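I want to look things up one at a time and write down what turns up.

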Amino acid sequence: MVTKEDVIRVLKDLKDPEIGASIVNLAMVRAVEVQGSTVSVEMALTIPNCPLRDAIKNDVIRAVSGMRGVAKVEVQLSSMTDQERGRVSQTLKDRSTAEQSNVRQTWRSQATGIERLPKGEIGQIIAISSGKGGVGKSLVTALLAVELRRHGFSVGILDADLTGASIAKIFGVKDHPIHTPTGMAPPTSRGGIKLVSMNLLMDRDDAALVWRGPMINSAIRQLYSELEWGELDFLLVDLPPGTSDAPLTVFQSIPVDAVLIVSSPQDLAVTIVAKAINMAKLMNVPIIGLIENMSHIICPDCGRKIELFGSCKGQEASRAANIEFLGSIPVNPVISRLCDEGKIEDYKSPEFGLITQRLIEKTSQLKVPQTLTSTEKSIEKESGR
Ligand SMILES: Nc1ncnc2c1ncn2[C@@H]1O[C@H](COP(=O)(O)OP(=O)(O)OP(=O)(O)O)[C@@H](O)[C@H]1O
Ligand SMILES: [Mg+2]
């Protein structure tokens, strides 16, 4: 007859798919009971609603039901307490030190359970977030990349909005990732911005993606870690809208240095912005500032600024949350035309130049190692310093 110890021995060989450590060593197996040929396993997941819960459960069922003398396997899932999570965090830290792994094992506050990927040759990673969709996140990501490039930085954009990918379209890029002798590299825009959107990996531009959590998770991880981004001063990550599973996955997987929040004035801006702010705080990522999009229009005849929705709510929301207001972008038909034509790199505005300048200043205050811009590096190389 199968014993509890036999079951634990089998479970010991099973690894958490994300953390890569034994589920027994991670104390995810809370209890095992054997009654005749029925085995019951009680499991504690590292986070509530873990996107890989089904995969973990199926692994356990498959492994235990393969044991001789087992006819039925019951798996009960719950999630770890903060204390238990703290212990796992410590185990991982110890393991990381012991292995001298170059993988950063940053275990973020309570809501994480997925190993974060290393930063490689990327200087700063900034995620662009909003509490809801359609506020102009992708546009702000694109404009920021263009301005940073004009400042001489090397820039990449990872469009993490897998199901609503729009970055490639805004830049008019249709190329698939490029084969290199060592793997695949992201295609480059006319202005030299490396970018990837999910639709560049599909055969058809309008194909609908219906994906479940674990698939989104692994796709985001692959776009980040399996593409050869090379040396970048900035990687901008266009997050999926809202505060659901998908943006959370980005924070758990990618070593984001800061979050930029985008809001629009038409709605309950303060409440919606608060959601995005709370998510960044929960993930323990600093907020670099807020940009309000579509806050006003400039009269084409007299040049007067018209605030369609009253005074700037983004400023109000920033003050309430104690974050920096970086500036506002007007509704401008030129912007939407350039987005539609894939020519956003032709857009130039002194106001957005100033917003970018403020953002660059803020990034220099972030507590991450500062690197020279790629232009500065090549100047150094050329002058033989
Ligand atoms: N300031 C603006 N002036 C004119 N058009 C704009 C402006 N901001 C955004 N748009 C247009 O609005 C549309 C939506 O913007 P965008 O795709 O950037 O929003 P989003 O927040 O990324 O949306 P989603 O949540 O769906 O990803 C785009 O087609 C863009 O052309
Ligand atoms: Mg978008």
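First, a term. I call a pair of N or O atoms within 3.5 Å a polar contact; within protein, one must be able to donate a hydrogen and the other to accept it, and residues adjacent in sequence count only if both atoms are side-chain atoms. I looked up one such pair at once: a polar side-chain atom of Asn293 lies 2.9 Å from the backbone oxygen of Val135.

**Ground rules.** This is a predicted model, where local features need pLDDT of at least 70, side-chain atom pairs count only at pLDDT 80 or more, and totals for chains, interfaces and linings use all residues. Residues are numbered from 1 along each chain as its sequence is written, chains are lettered from A and ligands numbered from 1 in the order in which they are written, and side-chain values use heavy atoms, with hydrogens and water left out.

**The chain overall.** I counted twelve helices and 14 strands. These are DSSP runs (helices H or I, at least four residues; strands E, at least two), numbered from the N terminus. Of the 385 residues, 50% are buried. Buried means under 20% relative accessible area, exposed over 50%, and partly exposed in between (1.4 Å probe, protein chains only). I then checked contacts, meaning heavy atoms within 4.5 Å. Among those between residues at least 6 apart in sequence, 75% join residues at least 24 apart.

**Confidence.** pLDDT is the predictor's confidence in each residue, from 0 to 100. The chain averages 81, and 82% of the residues score at least 70. Two stretches I marked with caution. Residues 96–113 stay under 50, and the model has 45 contacts for them beyond four places in sequence. Residues 368–385 also stay under 50, with 23 such contacts.

Next I looked up single atom pairs. A backbone N or O atom of Gly136 lies 2.8 Å from a ligand oxygen. A polar side-chain atom of Asp161 lies 3.2 Å from an oxygen of ligand 1. A backbone N or O atom of Pro330 lies 2.9 Å from a ligand nitrogen.

**Asn293.** I went back to this one. Asn293 is found in strand β11 (residues 287–293). Is Asn293 buried or exposed? Asn293 counts as buried because its relative accessibility is 4%. Beyond four places in sequence, its contacts include Val135, Gly136, Leu139 and Ile329.

**Val73.** This residue is in strand β3 (residues 72–79). Val73 has a relative accessible area of 16%, so Val73 is buried. Leaving out residues up to four places away, Val73 touches Val39, Ile61, Val64 and Ser65.

**Gly120.** My last stop is the loop between α3 (82–99) and β4 (122–129), where Gly120 sits. Gly120 counts as exposed because its relative accessibility is 67%. Its C-alpha atom is 8.1 Å from that of Glu231, 111 residues apart along the chain.
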